[in-house]
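Here are my notes on the structure you sent over. Have it open while you read.

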Amino acid sequence: MLRRFRNLARLGPVQVATGYDQRGREKHTAACTAPRCGFSAEYDTRSAAELAATTHRCSAH
Ligand SMILES: [Zn+2]
């Protein structure tokens, strides 16, 4: 499922990964692993994704 992604990191309940979109552009995804949260977003920079992960206030906790 996340085979295309690399540099996976776990920041609290949020997983951050770097990958490429269909046009080959680098993108950074932050996705919460909590079952009932559903938070997931993509960012242009790794730091933005990591910031979103660290500041995520998980509603499932
Ligand atoms: Zn969450």
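The points below go from the overall fold to the strands, the helix and the core.

1. First, a reminder that this is a predicted model. The protein chain has four strands and one helix, and from the N terminus the elements run β-β-β-β-α.

2. On overall size, the C-alpha atoms fill a box of roughly 35 × 25 × 15 Å along the principal axes. Among contacts with a separation of 6 or more, 26% are between residues 24 or more positions apart.

3. Now the sheet. The four strands form an open sheet in the order β1-β2-β3-β4, with antiparallel pairing. At the edges sit β1 (6-11) and β4 (40-43), each of which pairs on one side only. On average, neighbouring strands are turned by 20° against each other, direction ignored.

4. Take β1 and β2 next. Strand β2 covers residues 14-20 and pairs with β1 over four bridges, in the antiparallel sense.

5. How many bridges join β2 and β3? There are seven, again in the antiparallel sense. Tyrosine 20 has glutamate 26 in β3 as its bridge partner. This hairpin has five residues between the strands, and here glycine 24 takes a positive phi, near 80°.

6. What does the core consist of? The largest nonpolar core has eight residues: Val14, Val16, Ala30, Ala31, Cys32, Ala49, Ala52 and Ala53. The elements giving two or more residues to this core are β2, β3 and α1.

7. Leaving aside neighbours within four places in sequence, valine 16 is in contact with Ala9, Leu11, His28, Ala30, Ala49, Glu50 and Ala53. Of these partners, Ala30, Ala49 and Ala53 are also listed in the core.

8. One last general point for looking at the strands: side chains in a regular strand alternate between the two faces of the sheet.

Conventions:
Residues are numbered from 1 along each chain as its sequence is written. This is a predicted model: local features need pLDDT of at least 70, side-chain atom pairs count only at pLDDT 80 or more; totals for chains, interfaces and linings use all residues. Two residues are in contact if their C-beta atoms, placed from the backbone, lie within 7 Å. Two strands pair if DSSP finds at least two bridges between them. Axes are lines fitted to C-alpha atoms, for helices over the stretch in contact, and angles run from 0 to 180 degrees between N-to-C directions. A nonpolar core is a set of buried Ala, Val, Leu, Ile, Met, Phe, Trp, Tyr and Cys residues joined through C-beta atoms within 7 Å. A residue is buried if 20 or more other C-beta atoms lie within 10 Å of its own, exposed if 12 or fewer, and partly exposed in between; C-beta atoms are placed from the backbone.
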